[in-house]
Amino acid sequence: MESGRRFSVTAVTALAPMIWGSTYLVTTEWLPPDRPLLATTVRTLPAGLILLALVRTLPARRWLARVVALGTLNIAAFNFLLFVAAYRLPGGVAATLMGVQPAVVLVLAALLMRDRVRPAHVAACLLGIAGVAMLVLKGSSAPDPVGVAAALGAAVCLAAGITLTKYWGRPDGAGLLAGTGWQLTAGGLVTLPLTLAVEGLPASVSGENLAGFGYLIVLGAVVSYVVWFRGIEKLPALAVSVLALVSPISATVLGYLVLDQTLSPVQLAGIVVIIGSTALAQPRRASGTTTPSQEGQNTMPKTVAPRTVAVIGTGKIGQAIGRLWLESGHAVVFGSRSPDLREAELRGLGGRAVVVTQAEAMAAAEVVLLAVPGEAVEALLDELGPGLAGKVVIDATNRLTYVEGRWASALEPGLTEGRWMARRLPDSRVVRAFSHVPDELLWTRGALQSHYWAIAIAADDAEAKQTVAALVRDSGWTPVDLGGLDDSAALDPGGAVFHLFYTPTEMRDVIGASAAVL
């Protein structure tokens, strides 16, 4: 069942590069010659406006810069450079150069999202480049250097766009059509003044030109980008990027069917190699997970035991985890030093969200998440620590320092963060959790790739540990037990899993056999 859904998502996402593969044919046969800016603008701006007319939703002000950045990378720069390459290079050379794009994604995802680089991923990238070369690279003439630079630039833009789209996710309250429309519109607006200033409008447009533009707007932009961004949400970044190699397969098959080109045995072998590389890059079930969902889910798992949870701290970590719990059906009481100022923002997270003072939040729940900055923990515990007596306290705080170019714990050597918290709260049931994953990805990975990724937890109290393990599962992550609080150094700053992502099986490989999936 799970593999069937994963295949369905992959197959639907592959439709986008299949459509894009026709760009070379449409550009050379139907569009006005040597007008890459015009082709980009006409393809993207009308498509974006069509989607915005359907949804009638505009991005929040704080998202405008990101929309422009994504629109420039995914739409404006990528399409412009792609058309330059299509005009100046044989389709095979352009497609082969674009084949380096998954390798760029592999590096960017490792640097930005802490994705682990696996041998299978490297092999998939190399096979993809080799397969594209076998499929479409012909002749020995020296390629146009501007075309080469454009193709490589398009590959980098697409890779950066995929990675940042995955990294930033989609704004709260924005549907798939709205997010796609924003990017297409932003990209078109970026290229519109350049089109008018550099290329101008053509003196005449033929019926063939109109047909080509219509095709690119409807299928080449509206349909394909909606499908593409849906795939980015549901699949790992590399898995999506390798699917882009389906484009040269489509281009070659269209050349065979429409332009009476031939298909050699080497080209057929190249198709097989590309298909193998896409399969190799797709996510697989990690043994040891309870309910893995590597292709991601748009809906959170619903809890079977709703409870009220207090979240102390309204920054990125508190909001992300609180939102995950709200989506799963829990009631969340956010504790803020300035509840009046944060109420509208936090209640906008949905569900049964309540915003009160920190003391009131602690009193309202038997399970309390501490998600305040490390430098604020001491003052918080001095003032409100007694109110946590008898409660399960989830410690997601870190006392950080920077030593020789890397994060480290600011505590004395040998003292774990969890043990320090337990000493400060001797009457509380302290569980260490949610402290080692980059805060900006807590929501997206929990909500869109439910139960694929691991959260390490540690506690001395077995019952409290099970309570928190259930809350970790309800948040879309899979809990991995490291043991007691003295055994939890691996998830502290500078530890083996700090600021890194692992599947449950991979985390056990890093920590050792003593780590157990709960």
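These questions and answers go through a predicted model of one protein chain.

Me: How many helices and how many strands does the secondary structure of the chain come to?
Reply: The model is predicted. Its chain has 518 residues, of which 57% are buried. The secondary structure comes to 21 helices and 11 strands.

Me: What share of the contacts with a separation of 6 or more comes from residues 24 or more positions apart?
Reply: A contact here is a pair with heavy atoms within 4.5 Å. Among contacts in the chain with a separation of 6 or more, the part from residues 24 or more positions apart is 80%.

Me: Is Val253 buried, partly exposed or exposed?
Reply: Val253 is found in helix α12, residues 246-258. Together with Tyr256, Leu257, Val258 and Leu259, Val253 forms a nonpolar patch on the surface, with about 430 Å² of accessible area. The relative accessibility of Val253 is 30%, so Val253 counts as partly exposed.

Me: How many disulfides does the count come to?
Reply: A disulfide is a covalent bond between the sulfur atoms of two cysteines. The rule applied asks for a pair of cysteine sulfur atoms within 2.5 Å. By this rule the count is 0.

Me: Is Cys125 buried or exposed?
Reply: Buried means under 20% relative accessible area. Cys157, at 12% relative accessibility, counts as buried. Cys125 has 5% relative accessibility, and therefore counts as buried.

Me: Which residue forms a salt bridge with Arg399?
Reply: The closest N and O atoms of this pair are 2.6 Å apart. Arg399 lies in the loop between β5 (392-395) and β6 (400-403), and its partner in helix α18 (residues 417-424), so the bridge ties together parts that are 18 residues apart in sequence. Both residues of the pair are buried. The partner of Arg399 is Glu417.

Me: Is Asp486 buried or exposed?
Reply: Asp486 forms a salt bridge with Arg419, with 2.8 Å between the closest N and O atoms. The pair links distant parts of the chain, 67 residues apart: Asp486 in the loop between β10 (478-481) and α21 (504-511), Arg419 in helix α18. Arg419 counts as buried at 17% relative accessibility. Asp486 has 51% relative accessibility, so Asp486 counts as exposed.

Me: What is the relative accessibility of Arg432?
Reply: The side chains of Asp492 and Arg432 meet in a salt bridge of 3.1 Å, N to O. Asp492 lies in the loop between β10 and α21 and Arg432 in strand β8 (residues 429-432), so the pair ties together parts that are 60 residues apart in sequence. Asp492 counts as buried at 4% relative accessibility. Arg432 also counts as buried, its relative accessibility being 0%.

Definitions and conventions:
Residues numbered from 1 in each chain as written. Predicted model: local features only at pLDDT ≥ 70, side-chain atom pairs only at ≥ 80, totals over all residues. Heavy atoms only, no water. Buried < 20%, exposed > 50% of the residue type's maximum accessible area, 1.4 Å probe, protein only. Patch = residues over 30% accessible without salt bridge, like charges linked within 9 Å, V, L, I, M, F, W, Y side chains within 5 Å. Areas by Shrake-Rupley, 256 points an atom, 1.4 Å probe, with all protein chains shown as cover. Salt bridge = Lys/Arg side-chain N within 4 Å of Asp/Glu carboxyl O. Helix = DSSP H or I, 4+ residues; strand = E, 2+ residues; numbered from the N terminus.
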